[in-house]
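Colleague: I am new to this structure and would be grateful for a guided introduction. Might we look at it together?

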Amino acid sequence: MTDTNSTTAVAAPEGVTEILNRGLLQTLAAFDPSWLRERRAHAWDVYEETPLPTTRLEEWRYTDLKKKLDLDALRWPGKTECADDFAACPQGLRESMLEDHPASGHLWGIDGQVIHVDLEEGLAAKGVILMSLREAVKAHPQLLQRHLAHDALPAEYGKFEALNAALWTDGILLFVPRGVRLDLPVRVTRWVDQAGVAFFSRTLIIAEPGSQVSFVDEMLSRDLNETSLVSHAVEVIAQDGAQVQYVSLQRLGKGAFYQASQRTLAQRDSTLDTLNVSMGATTARVDLNASLLGSGANSDMLGLYFGDDSQHFDHNTSQDHVAPNTSSDLLYKGALDGHSRSVFRGVIRVHRGAQKTDAYQTNRNLLLSDHARADSLPNLEIEADDVKCSHGATVGQLDAESRFYLMSRGLSREQAERLVVMGFLGEVLSRLPLGGVVEKVTRVIEEKLRQV
Amino acid sequence: MPQNETVQGLGLDEYKYDFVDEERHVFRTKPGLNEEVVRQVSAQKNEPEWMLEFRLKALKIYESKPMPTWGGDLSDLERVLDEIYFYVRPQDHMEHSWDDVPENIKNTFERLGIPEAEQKILAGVGAQYESEMVYHSLKKEWEDQGVIFDSIEEGLKNHPELFRKYFGTVIPAADNKFAAMNSAVWSGGSFVYIPKGVELKTPLQAYFRVNQEKMGQFERTLIIADEGSHAHYIEGCTAPVYSTESFHSGVIEIIVHRNARFRYTTIQNWSNNMYNLVTQRAVVHENASMEWLDGNLGSKLTMKYPSCFLVGEGAHGEILSIALAGNGQHQDTGGKVIHAAPRTTSSIVSKSISRGTGRASYRGLLKVYDGAKGARSNVECDALLINDTSRTDTFPYIEIEERDANVGHEATVSKVGEEQLFYLMSRGLTEEEAMALIVRGFIEPIAKELPLEYAVELNRLIEMEMEGSVG
């Protein structure tokens, strides 16, 4: 051994900064049980080894991370002092929650920390668990050890997945035991208040055989004068015959860089549907993989986006048909105004032997301004022959005939255009008519349209 | 070829063009590609200095570009490229009468049916054997109207100004690694000029054949369709089956001027150990129309995406593509259309069939630039899977920067329906006949666009491919 290495300046691995580094990892993991400390450390190793995605990667072709996010500039969030008192929490969060319909349980948090959890009486007695991930580490270590950053989104999944698995500060565990059905959705509302910082949170949903649950995950913030990274990893497991709906409402303010990694695992005869609504943030990148692992599994994947100003949305989806007799149906629709830009990249993969697969994928874009742009890449990779697969993508402008018709019935041009856009986007909501979500999203779209 | 017909009818999966002529060449370079090879090719052709410079510059570009990591599997290609001959000259000079062509080369082409076609209807025929054009003629009437249908070398020699004005303008050497390679060692191909207002009622035809083992072919074609002209060019490609890989990398440049219409048809039936990496592109001006009709049946790996750059207002581009991927084959094909002017329109229709362990991939780009108001485009891809080991992919890229544009893409994947098969068999067809009928029906929208002799040939090839594919 010579000591030449010590004199050579070794460049830090990509993505390691003055703040995001092993020291932070050690601080975060200081009070963790050993299994979690090891899992975080492993995730950090993977993070260091994995290069930052560049536009040379097919999946990042249209989103130049270098231009959109400066990891070196991100600080670690300061502690948010907020009592578990609804009246004391930020106004934006309160307003949104007051708009909500009844729920089986609520959870709300600020700046990556869970502040409040409540669950309908009786559900806890049936074994339903809804709690912050921090609490769950103490209360349900085996459950987390078995599933967290393990089945669905292990660190090896990618650079951001590794980073999140290493540095998450809090999150949510929802566990629904065998046969238990929740009549009303679980509603989660999160608020981001700090600018120029990085937040990492996770959601883990486990639905045991024959159970049923809907989960609405809303993410809000004020406008931020410095870019904040809001990273969110979502793992949803629907065991045999379970029915799960996962809905994400992203309404972050300007300045947010939203990065979501979502993976859904659908076992035999389960139904696992998702809806991603992207309205806010300056840049939003959502990676969603739906894996159909058991015969009879089905996933509907819905997406809705409305861009204005210079918003940039990038939805990267995949439908993995691993077992035979599975089906998936994806519909992503978006309207783009101002200088906004949307990227949709979706792939249907039918694995060898996954016969009798039915898989569909549709992406439709409406360009409302001369400066908006939409890129669509719907891919198919089919390795079984007895399948029905199709995809479609369109980009176009507002249908002039529909508008003309409405105007001939006495509507103003603006009213007519709004109606046509609402009709176009409404198709997605009508496919997942969850109480409270439809009204809220409709109102947000209308607000955006008013600014057109 | 009536006698052959019966013999072939008995063979299963026989590759029709698997005949080898004794190797006879006047000159060939050492295997591999380097500056010396490029200089030799240029010297053999007595080229002007600017062309040698163009080639040497292209070689540098080729060397600096990495191997593509997308598309087909090119991991073995570096080795193949070290072993192949980049230039082989089969005879000393170009023939203009069929009788003067050497007997062994003539035999090859007779089996391909060229003189037959020549005698019947063809406007002009160019035949390329190894690296050089060996036979080229043009019906007198067209010649009188000023139509030029020469080998590319003759084009450079006889029409230097026209040649230099357009050569390398549609596909510059730096376009991609294989275009650079072609630019460095190109040899053979056609030079076509259709004067203003001239309409050719019968197609121009060229045939390419690789006979020698470990041979690379780099034909280069430059076509200029002047204002208001109208023509159709057909190329066919074959090679015998050798145990080692061969390599073909063509560059086809087409300029379609105002109000002109041009159609380019390829029926590619290279043997199954051929790498076929081709760059084909047309620049389409105001109110002009370009059609690519692309049939890919042979080769080990084909990567080929005919493109239309619609640069003039009202220009129209059309790409019709059929791919048939049999055992061990990968057809990575598709098309690109760039809308860079208002009121441009385009359509891509792609049909692919994967059989055995074959893989057919559609890869396409549809781009509408800001300002291309009123652009309309439609893409349709249908894939048929025959066996459970077959594979198909669809990779379309849709990039839209203009609000006043309407584009759509649709793709379907399906298997031959059991009910369809059952119905046809209940009417007395064997399973294989029924399968072939369904497949023919599947590609009908494109096959009907082919000249009759090619449509017949395509149907026959598909029948051959389908034999033994059931069960």
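The questions and answers below treat the chains, their interface and some individual residues.

Modeller: This is a predicted model, in which local features need pLDDT of at least 70 and side-chain atom pairs count only at pLDDT 80 or more, while totals for chains, interfaces and linings use all residues. Residues are numbered from 1 along each chain as its sequence is written, and chains are lettered from A and ligands numbered from 1 in the order in which they are written.

Colleague: What percentage of the residues in chain B is buried?

Modeller: Chain B has 13 helices and 24 strands, which are DSSP runs numbered from the N terminus (helices are H or I with at least four residues, strands E with at least two). A residue is buried if 20 or more other C-beta atoms, placed from the backbone, lie within 10 Å of its own, exposed if 12 or fewer, and partly exposed in between. Among the 471 residues in chain B, the buried share is 53%.

Colleague: How many of the residues of strand 21 of chain B are buried?

Modeller: Strand 21 of chain B pairs in the parallel sense with strand 19 (residues 330–339) of chain B over 10 bridges, pairing being counted if DSSP finds at least two bridges between two strands. Strand 21 of chain B also pairs in the parallel sense with strand 23 of chain B over 10 bridges, and there Lys367(B) stands opposite Glu399(B). Strand 21 of chain B, residues 359–368, is mostly covered, and the buried count among its 10 residues is 9.

Colleague: Which strand of chain B gives the most to the side that touches chain A?

Modeller: In all, 29 residues of chain B are in contact with 29 residues of chain A, a contact being two residues whose C-beta atoms, placed from the backbone, lie within 7 Å. Strand 23 (391–400) and strand 24 (405–415) of chain B each supply at least two residues of that side of chain B. The most, 11 residues, comes from strand 24 of chain B.

Colleague: Which residue of strand 24 of chain B stands opposite Cys389(A)?

Modeller: Strand 19 (residues 387–397) of chain A and strand 24 of chain B pair in the antiparallel sense over 7 bridges. In strand 24 of chain B, the residue opposite Cys389(A) is Val413(B).

Colleague: How is helix 3 of chain B oriented to helix 10 of chain B, roughly parallel or roughly antiparallel?

Modeller: Helix 3 (residues 49–64) and helix 10 (residues 177–185) of chain B pack with their axes 7 Å apart at an angle of about 150 degrees; axes are lines fitted to C-alpha atoms, for helices over the stretch in contact, and angles run from 0 to 180 degrees between N-to-C directions. Angles under 35 degrees count as roughly parallel, over 145 as roughly antiparallel, 65 to 115 as roughly perpendicular and the rest as oblique. Helix 3 of chain B is therefore, relative to helix 10 of chain B, roughly antiparallel.

Colleague: Why does Arg251(A) count as partly exposed?

Modeller: Arg251(A) lies in strand 9 (residues 243–251) of chain A. Beyond its neighbours within four places in sequence, Arg251(A) is in contact with residues including Glu218(A), Met279(A) and Val444(A). Arg251(A) counts as partly exposed because its C-beta neighbours inside 10 Å number 19.

Colleague: How many C-beta neighbours inside 10 Å does Thr362(A) have?

Modeller: Thr362(A) is placed in strand 17 (residues 357–367) of chain A. Not counting residues up to four places away in sequence, Thr362(A) touches Leu330(A), Leu331(A), His391(A) and Gly392(A). Thr362(A) counts as partly exposed, and its number of C-beta neighbours inside 10 Å is 18.
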